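Have the model open while you go down the list.

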Amino acid sequence: MSRPVLEAENLAKRFGGVRAVDGVSLDLAAGEVLAMIGPNGAGKSTCFNLLNGQERADAGQVRLAGREITGLPPRTVWRLGIGRTFQVAAVFASMSVAETVQVALLSHDRQLWRPWRRANRYRRERARALLAQVGMDWAAERTCGTLAYGDVKRVELAVALANDPRVLLMDEPTAGMAPAERGQLMALTQEIARARGIAVLFTEHDMDVVFGHADRVVVLHQGRVLARGTPQAVRAEPEVQRVYLGAPASTEPTAC
Amino acid sequence: MDFVAVQFLTGLASACALFLVACGLSIIFGVTRIVNFAHGSFFMVGAYGAYSLSGALMPLLGGLGFWLALPLAALGVGLLGALVEVAVLRRLYRSHELFQLLATFGLVLVIKDAALITWGPQDLLGPRAPGAAGAVTVLGEQIPEYDLVLIALGPLVLAGLWLLFHRTRWGVLVRAATQDREMVGALGVDQKKLFTGVVFLGSALAGLGGAVQIPREAANLNMDLNIIAEVFAVTVVGGMGSIAGPFLAALLVAQLNAFGILILPEISIVLLFLVMAVVLVLRPQGLLGRKELAGSATHGAPESPLRPEGWTLGLIGLAVLLALAALPLVAGGYQLSVASEILIFALFAASLQFIMGVGGMISFGHAAYLGLGAYAVALSVTHWHAPMTGALALAPVAGALGALVFGWFCVRLSGVYLAMLTLAFAQIAWAVAFQWVGLTGGDNGLLGIWPAAWASAPAAFYWLTLGLVAAAVLLLRRIVFAPFGYGLRASRDSTLRAEAVGIHTRRQRWYGFTLAGAFAGLAGGLYAFAKGSVFPEVLSIPMSLDALVMVLLGGVQTLAGPLVGAAVFDGLQTWLMSETDYWRAIVGAGVVALCVAFPRGLVGNLRALQESRRDTPAVSEEGASG
Amino acid sequence: MLSVRALEVLYGRAQVLFGVGFDVPGGQVTALMGRNGAGKSTTLKALMGLVPPASGEIRLDGRRVDGWPPYRIARAGLGYVAEDRRIFPDMTVAENLEVGRRAPADGRAPWTVAEVERLFPNLADLRDRRAGQTSGGEQQMLAVARTLMGNPRLLLLDEPSEGLAPVIVQQMAAAVRALKAGGVTVLLSEQNLRFAGSVADRAVVLEKGAVRFDGAMAALADDPALRHTYLAL
């Protein structure tokens, strides 16, 4: 495997008396898609927040391409090349889809202080191209509020790509989507990651998505890494079955 | 040392009323999510009510009459509150929080005039408390017995409320409703009754706070706004929705007042608000407040995105501008001075709309920057004999500097907390202008600020105003659609997402706040020359509220709104003041009615009507898919 | 027991439900299936009075309840468990249950704290814990238990398996079967065919705000074409 783009070492975070994240280490290579799974409250979201600087780690380090980024605020982490999408898609309700992407471009180029030029004429072609990449150029002039949820998630992806990120963090990217849409979005993500050498880390509850689209899986339980490895290896772990997946037989459809 | 102890006890006694009112405000906010501006008015009515009731009961019952009058007054105010809930608040629960605040401010005006009609303009000092009229000697100093009663009352009420909220089913339901009202309804609880009950309780507490003051402080018509600023400070410092928080904060604030007066009498109020600012920066949700409540931003995103207007609207705008420029050909001096004033307010309102509509920051103290601009002009003219152009150039600088300093604190907060902090800062500015008599002339103001000879004719000054206002408003509009405006809107729409694409949202909001301060300052500078004088009123709460009314009349999300709002509101108010003494009540009732009837403002509602006529498509939850 | 006819709901100008109609027979578990955005949650909210229907009829035991405020609908015998649980985070588990407590209208034996704790044993150890400090699965159990304290005759469960670990999902399925055995009628919305298949007698499939299938759960589970068309499975 090539040299990791993102490395996290012994990350720890407490909330009150609860150890939300307790010594988690992981690494991600360029072009690799890593899934993080685990029960609710296992520390997945906290882990994400530590990686992109939304929360401050009590201990541990995060390195991006060898450079330490621990404790930097999200906006700086973003500039250095870690893009993020959210569990509940967050977009700008008062803007069109194209403008949403343009704001990310303006921010990337540090142009947001400008008081005179029309913002929606800024790098239109580039915004269109980014939207085309996620198959959303048809919706450039619509507002995000009028789009289907799956499409909003795609716009979020385009926004995250505006910065040419080296790492993409996707917190439950398919939550709230129909099963067919889920597969499509993750296939698209996988394709972009491979083509552009972006490392992707995502959390997910839908095991079909995890086992269908992840190169590797890491299982979190009570703030610690319970297992890691290929999807097949992780699925076969008895501990993982016990605390998270449940007994395989009883989740099969039973018609009554 | 003994003197310190006495001062401490006096502070404790003063804390009582403050706690009662703040706690009532906090309870009402917790459940209804309405910051009740009229809470100070309930306090005032409690004092007047206790005065009248004790006057009626004491001849019949003697000393008992006094002690009976206090709870009866509280009960009466509670009923008044319940009436207000049923008649007004109930219709606003689903409205934007701005309209809620504004409607309750309308109530302030109505209640003030009602009190004026009922009790007259003179101060009314209540009787001394029978049985507690003397003084006891503590550590060699005299302490009024009544102060000791008040010192005991605060903790008693606190304990009673704690029992009510933790040991009774009603209290548990109220706490549940504070966290999720809708779910409480889905579990079978009649919310209407619960809400009315909560408002009754909160109002009764305010009424009690007012009633117990009558032996210490004469009931007067300024009690409402005087206490509300302090109460906002106490509730915000203590934590909205909490009960023990306001208690702690009231103790803190009352002690600050008691000792602040000894050390620096001129700036005791500044001290109070500085403490508030410090607490909020360190702990934005207040001492015992909950984060979710503090972060409660505005309900409902803008309905449709802002768009720069097309050619038609641009041409209409040009036509209006030309028509306005031609006004001196037909209007006389008085009309022109009214028109100048309206233009100035239009700029003031437009600058407020910029931070509210585009920046998503509700300011309840925007008059601070108007006032700073006005005082900058007045001081430079009267003290340094500056020429008009120089003085006028200074106005936006002063407004911007003030906004830069105050904004640094304010942009750390959001929603109602931000609104209340801006109000507090405006009160600081007002207190400085009011108390620093040597510099500002205090209540007497600064007089003789006249335009230079070339601009002294009404028409010339009107044209100058029109030119500056039009240029400033156009510049503001340009900024809205420039990258800076988009950065602000991004920060407003989703702070999380904005930060995640590298936007320093706090800084973007800070610069936006400062920019709005500069435009307000320019308006203030023009205002000083238009009036020829500056008084502390230019910085006062009602002035800030006037601007809010103008913006809301026009619609927060409509760019032309503030201009229409300023014209309608200022025009109406000027006319009403010439017609009746009770213009406040009429304006207030009008504001309440507007908030209930037009939750999006005049222009906003018109536009919504227009849009609903144009197209009513049936959109599925899914929409189209790619 | 519950019958829905020609139900239409609009959010602002966007129409979400287009004439939805189905019946919920007493004593059975009915699953409202469909993709995200099909209108399942909206249907349940409309039944509970949390969103006002633009038109249509909702009858509970023959009595029209559409247009009633939620608290009256709750008192008429409907219980609602929200998709996002909506427990009261700052109150203890016991206080959460107290908020839900309401005597049954028809003189049946009421649910007690002991009984809901027998259904969800995890809750027994948590009585004095602040609800916000419990895990996602425990919150889901609390949300169901809290609603049961109001003694509903018909329980509406919005996506009871959403976002839960598979082990917790299995516990929820067991609880739903136990409730049915105890005589409670259940209407649940679900995207997860495994979960729905393991508890429901009947299925109603929504797509784009309209009913596309109404019949036995077994018929839906056994028909791959049907599943593929409306559930994209």
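Predicted model: local features only at pLDDT ≥ 70, side-chain atom pairs only at ≥ 80, totals over all residues.

1. Chain B as a whole. The chain runs to 626 residues, and 58% of them count as buried. As for contacts in chain B with a separation of 6 or more, 80% come from residues 24 or more positions apart.

2. The B/A interface, by size. On the chain B side, 34 residues are in contact with 37 residues of chain A. Between them the two chains bury about 3,200 Å², and 60% of this buried area is on carbon and sulfur atoms.

3. How many salt bridges does the rule find across the interface of chain B and chain A? It finds two. One to look up is B:Glu499 with A:Arg75, a salt bridge whose closest N and O atoms are 3.1 Å apart. For polar contacts, the count between chain B and chain A is 17 residue pairs, both residues being at pLDDT 80 or more.

4. Who supplies the chain B side? Helix H19 (458-481), helix H20 (483-493) and helix H21 (495-500) of chain B each bring at least two residues to the side that touches chain A. H20(B) gives the most, with eight residues. Sorted by class, this side of chain B has 19 nonpolar, seven polar and eight charged residues.

5. Now the backbone in chain C. Most residues other than glycine have a negative phi. Two spots are worth a look on that account. C:Asp61 is not a glycine, yet has a positive phi of about 50°. C:Asp61 is found in the loop between strand E4 (55-60) and strand E5 (63-64) of chain C. Is this residue buried, partly exposed or exposed? C:Asp61 counts as partly exposed because its relative accessibility is 46%.

6. The other spot is C:Arg85, again not a glycine, with a positive phi of about 70°. C:Arg85 lies in the loop between strand E6 (78-81) and helix H3 (93-100) of chain C. Its relative accessibility is 11%, so C:Arg85 counts as buried, the cut-off for that being under 20%.

Notes:
Residues numbered from 1 in each chain as written. Chains lettered and ligands numbered in written order. Heavy atoms only, no water. Helix = DSSP H or I, 4+ residues; strand = E, 2+ residues; numbered from the N terminus. Buried < 20%, exposed > 50% of the residue type's maximum accessible area, 1.4 Å probe, protein only. Contact = heavy atoms within 4.5 Å. Buried area = accessible area lost by both parts, 1.4 Å probe. Salt bridge = Lys/Arg side-chain N within 4 Å of Asp/Glu carboxyl O. Polar contact = N/O pair within 3.5 Å; in protein donor to acceptor, adjacent residues only side chain to side chain. Nonpolar A, V, L, I, M, F, W, Y, C, P; charged D, E, K, R; others polar.
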